[in-house]
Amino acid sequence: SSCTWHVDAAGEISLNELTGIADYDKFCAEHKKEFVVETDKGEGLEFWDGLNDAAKNEKRVEAARKLFLTKYPDQEDLPTPPCEW
């Protein structure tokens, strides 16, 4: 079996944009945390709560897709490729 692929730069979004952290230094200075393993949630941020929850992960992926399309409205909204693994 072989695999051939091609990549074109389409744009980027940052995790801070996606999670809503406007100023990461301030976020940290306020002793907030994106995620705490022991509690499975953030402190001062809810985006990563339920890290392994499939439904929440689908919402995070959709949030990333929407943010990307907002920043790059001329980009084609591609379908999810099949996973062959």
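Is Phe-27 buried, partly exposed or exposed, and what is its relative accessibility? This and the following exercises concern a predicted model, in which local features need pLDDT of at least 70, side-chain atom pairs count only at pLDDT 80 or more, and totals for chains, interfaces and linings use all residues. Residues are numbered from 1 along each chain as its sequence is written, and side-chain values use heavy atoms, with hydrogens and water left out.

**Exercise 1. Determine the burial class of Phe-27.**

Step 1. Recall the classes: buried means under 20% relative accessible area, exposed means over 50%, and partly exposed lies in between (1.4 Å probe, protein chains only).

Step 2. Phe-27 has a relative accessibility of 7%, so Phe-27 counts as buried.

**Exercise 2. Describe the aromatic pair of Tyr-24 and Phe-27.**

Step 1. A pair of aromatic rings is described by the distance of the centres and the angle of the planes. Rings of Phe, Tyr and Trp (its six-membered ring) pair if their centres lie within 6.5 Å; planes under 30 degrees apart count as stacked, over 60 as edge-to-face and the rest as tilted.

Step 2. There are 3 aromatic pairs in the structure. In one of them, Tyr-24 and Phe-27 have ring centres 5.9 Å apart and planes at 25 degrees, and this pair is stacked.

Step 3. Locate the two residues in helix H2 (residues 24-29): they are 3 residues apart there, and so are separated by about one helical turn. Helices (H or I, at least four residues) and strands (E, at least two) are DSSP runs, numbered from the N terminus.

Step 4. Tyr-24 is partly exposed, at 34% relative accessibility.

**Exercise 3. Classify the pair of Phe-47 and Trp-48.**

Step 1. The ring centres lie 4.7 Å apart and the planes stand at 85 degrees, so the pair is edge-to-face.

Step 2. Phe-47 has a relative accessible area of 17% and is therefore buried.

**Exercise 4. State the secondary structure and the overall spread of the protein.**

Step 1. The protein has 3 helices and 2 strands. Along the sequence their pattern is α-α-β-β-α.

Step 2. The radius of gyration is taken over C-alpha atoms, and the globule rule is 2.2 Å times the number of residues to the power 0.38. The protein has a radius of gyration of 16 Å, well over the 12 Å that the rule gives for 85 residues, so the protein is more spread out than a compact globule.

Step 3. Along the principal axes, the C-alpha atoms fill a box of roughly 45 × 30 × 20 Å. Of the 85 residues, 15% count as buried.

**Exercise 5. Which residues have a positive phi near 60 degrees, and where do they lie?**

Step 1. Most residues other than glycine have a negative phi, and most peptide bonds are trans.

Step 2. His-31 has a phi near 60 degrees, a positive value in a residue other than glycine. His-31 belongs to the loop between H2 and strand S1 (33-36), and is exposed at 67% relative accessibility.

Step 3. Asp-40 likewise has a positive phi near 60 degrees. Asp-40 is placed in the loop between S1 and strand S2 (41-43), and counts as partly exposed at 33% relative accessibility.

**Exercise 6. Describe the surroundings of Gly-50.**

Step 1. Gly-50 is found in the loop between S2 and H3. With a relative accessible area of 9%, Gly-50 is buried.

Step 2. Contact means heavy atoms within 4.5 Å. Setting aside neighbours within four places in sequence, Gly-50 is in contact with Asp-40, Lys-56 and Arg-60.

Step 3. Gly-50 and Thr-39 are 11 residues apart along the chain, and their C-alpha atoms are separated by 9.1 Å.
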